[in-house]
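This report describes a single protein chain.

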Amino acid sequence: MEKILLVEDEISIRGFLKINFERSNFQVIEAGTGEEGIRKALLEKPDVAILDVMLPGIDGYQVCNELRKKFNKMGIIMLTAKGQDMDKIMGLEYGADDYIVKPFNPIEVTLRVKALLRRIQGDKEEKNENTIEIQPFKLDLYSKTLYKNKSEIDLTPKEFMLMKIFLENPGKAFSRDELLNLVWGIDFFGDSKIVDVNIRRLRAKIEDKSSEPMYIETVWGTGYRWKQVKQ
């Protein structure tokens with residue numbers, strides 16, 4: 001069940017929006033002020049937030065700005081006054097995905113939320129198919145490119161395959177023979193030390209300090225594994 005956060009100080013508006021969302025099987029979280037909205041967002045982690053521009057305390061723009069900093073993938077819809085084009089522009093600049101002008105039909109709001117969720121979920125599916133992300137790394141499978149904190153790291157094809165194996169299996173220990181078979185193929189008859197050589201080169205490229213690796217961990221007597229790092 002998707003969660004909707006309603007941040008609106010007018011109880012009557014919150015009430016009829018809540019009724020319509022619940023009829024469509026959404027879980028509704030209500031807030032009457034911007035501060036309360038941020039607090040409940042941090043606690044409940046809603047899928048979509050609907051923010052009135054005019055709120056007591058901090059306004060909807062500030063709430064939108066704070067939520068976008070903390071929840072990059074959350075859908076955000078602003079409720080704006082009729083004819084206030086600047087409200088729409090400012091909301092989008094602060095990170096809103098959409099806006100709805102008052103007065104509105106609550107059914108339209110529900111449909112706009114559903115459309116936004118479909119778009120968000122579609123982006124997630126496409127992203128999941130084409131990229132692997134474990135912060136601070138993103139591996140683009142389409143372009144065969146690795147990024148660390150959005151900076152591109154140049155890898156050889158073998159180094160890229162090693163990164164793909166590690167990022168797809170964080171915490172799993174791989175023996176040198178397993179990595180040799182997965183990356184170089186079962187028909188490879190060279191020295192298994194080629195794995196160590198490539199791990200050393202890969203560490204030099206991705207680690208902050210290759211002599212004290214944070215990501216590719218040596219498992220003594222076995223091989224290597226990707227160590228989960230708390231950010």
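## Report on the model

Lys144 is located in the loop that runs between S7 and strand S8 (145-148). Helices (H or I, at least four residues) and strands (E, at least two) are DSSP runs, numbered from the N terminus. The phi angle of Lys144 is positive, about 55 degrees, although the residue is not a glycine. Lys144 is exposed, with a relative accessible area of 56%. Buried means under 20% relative accessible area, exposed over 50%, and partly exposed in between (1.4 Å probe, protein chains only).

The model is predicted: local features need pLDDT of at least 70 and side-chain atom pairs count only at pLDDT 80 or more, while totals for chains, interfaces and linings use all residues. Residues are numbered from 1 along each chain as its sequence is written, and side-chain values use heavy atoms, with hydrogens and water left out.

## Overall form

The secondary structure of the protein consists of eight helices and 12 strands. Its radius of gyration is 24 Å, whereas a compact globule of 231 residues would have one near 17 Å. That radius is taken over C-alpha atoms, and the globule rule is 2.2 Å times the number of residues to the power 0.38. Along the principal axes, the C-alpha atoms fill a box of roughly 75 × 30 × 30 Å.

Of the 231 residues, 42% count as buried. Among the contacts with a separation of 6 or more, 53% are between residues 24 or more positions apart; contact means heavy atoms within 4.5 Å.

## Nonpolar cores

A nonpolar core is a set of buried Ala, Val, Leu, Ile, Met, Phe, Trp, Tyr and Cys residues joined through side-chain atoms within 4.5 Å. The largest one has 26 residues, of which Met163, Phe166, Ile206 and Trp226 touch the most other members. At least two residues of this core come from each of strand S6 (131-134), strand S7 (137-140), helix H6 (157-168), helix H7 (176-184), H8 and strand S12 (223-226). H6 gives the most to this core, with six residues. Apart from it lies another core, of 19 residues, including Val7, Ile29, Val53 and Ile76.

Beyond residues up to four places away in sequence, Trp226 touches Ile134, Phe137, Met163, Phe166, Leu167, Pro170, Gly171, Lys172, Ile206, Tyr215 and Ile216.

## Buried residues

Cys64 lies in helix H3 (residues 60-70) and counts as buried, at 0% relative accessibility. Leaving aside neighbours within four places in sequence, Cys64 is in contact with Leu51, Ile76, Met78, Gly91, Tyr94, Gly95 and Ala96. Gly91 is 27 residues from Cys64 along the chain, and their C-alpha atoms are separated by 7.5 Å.

Asn198 belongs to helix H8 (residues 193-206). Asn198 is buried, with a relative accessible area of 7%. Not counting residues up to four places away in sequence, Asn198 touches Lys158, Glu159, Leu162 and Trp184.

Thr131 is part of strand S6 and is buried, with a relative accessible area of 13%. With neighbours within four places in sequence left aside, Thr131 is in contact with Lys138, Leu139 and Asp140.

## Backbone geometry

| Peptide bond | Omega |
|---|---|
| Lys102 to Pro103, cis | near -5 degrees |
| Gln135 to Pro136, cis | about 10 degrees |

Pro103 sits in the loop between strand S5 (98-101) and helix H5 (106-130). Pro136 sits in the loop between S6 and S7.

Asn25 is a residue other than glycine with a positive phi, near 70 degrees. The loop that holds Asn25 runs between helix H1 (11-23) and strand S2 (27-31). Asn25 is exposed, with a relative accessible area of 56%.
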